[in-house]
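Let's take a friendly walk through this model, one feature at a time. Have the structure open beside you as you read.

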Amino acid sequence: MWTIFQTLTRRDWMDVLLVCGATTIAGVSFGAIATGGGLPFWVPLAMSTIVFAGASQFAAVGVVLAGGGPVAAVLAGLVLNARHLPFGFSVAGLLRGGLLQKLLGSHLLTDEALAFSLKDSNPERARALYWACAIGLYVLWNVGTFAGALLGQAVGDASALGLDAAFPAVLLALVLPALKDARLRLAAGLGAAIAFVLTPVLPAGVPVLAALCGLVVFIVWPRTVPPEGDPAHD
């Protein structure tokens, strides 16, 4: 599997490292909030290793720290991770090899790894981008969680640090240059507006799922393919 990484360029690695760096900061925030809120040190570490679902982990810990029970925490995580079902169909073709490799690949599935796999139409490069992002995120998310858990125990209430704000900021910086197509810009803007309006009135994570409604742009505004020979086609 490691030989597929030879297809990646220096720019690919820089993009992956940028996302992984932001994930490390978010992991620090998660670990600090968990232990700073009073959870045992091992809880955020076990969640990051076994669950490995950033937003769902934040949601579950938030429910528990707010006084909710484990059932409510699990349900919050399941709602947020519902999007991973269609994600799994999208990356199924990338997870070649035996059962163990497929199980590992599915466990490491994240929004970012999926986005990187869709970045390139070449199957080998798409596979390499997926694994590079997935493995990097898993390792650095757990490193960040460990460091944050130590910080939370030392500082106490670390939620005021707001370190997780850097994560969406970096993702936004990565996405903006890709929004060259008018349909993409409209769909992204509509999805962001939907999430913004619904955030104050719906549980955490649900507005993000509702933002997928922005994809309706691709239904009402289908792409027009220039005929062969047209200069726009070249």
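## Salt bridges

Arg127 is buried at 6% relative accessible area, where buried means under 20%, exposed over 50% and partly exposed in between, using a 1.4 Å probe and protein chains only. Its side chain meets that of Glu124 in a salt bridge (2.8 Å, N to O), a term for a side-chain nitrogen of Lys or Arg within 4 Å of a carboxyl oxygen of Asp or Glu. Glu124 is partly exposed, at 33%. Both residues sit in helix α8, three residues apart, or about one turn of the helix. Helices here are DSSP runs (H or I, at least four residues), numbered from the N terminus.

By this rule the count is three salt bridges. In another one, Arg11 pairs with Asp15, with the closest N and O atoms 3.3 Å apart; these two lie four residues apart in helix α1 (residues 10-36). Arg11 is exposed at 59%, whereas Asp15 is buried at 11%. Asp12 forms a salt bridge with Arg125, the closest N and O atoms being 2.9 Å apart. Asp12 belongs to α1 and Arg125 to α8 (residues 123-155), so this pair ties together parts 113 residues apart in sequence. Asp12 is buried at 3%, and Arg125 is buried at 17%.

## About the model

This is a predicted model, in which local features need pLDDT of at least 70 and side-chain atom pairs count only at pLDDT 80 or more, while totals for chains, interfaces and linings use all residues. Residues are numbered from 1 along each chain as its sequence is written, and side-chain values use heavy atoms, with hydrogens and water left out.

Most residues other than glycine have a negative phi. Phe52, however, has a positive phi, near 50 degrees. Phe52 is in the loop between α2 and α3 and is buried, at 6% relative accessible area.

## A nonpolar surface patch

Which helices each supply at least two residues of the nonpolar patch? They are α10 (182-198) and α12 (217-220). The patch is formed by Leu186, Leu190, Val216, Ile219, Val220 and Trp221, with about 580 Å² of accessible area together. Such patches take residues with over 30% relative accessible area and no salt bridge, joining nonpolar side chains (Val, Leu, Ile, Met, Phe, Trp, Tyr) within 5 Å and like charges within 9 Å; the areas come from the Shrake-Rupley method with a 1.4 Å probe. Leu186 is in helix α10 and is partly exposed, at 44%.
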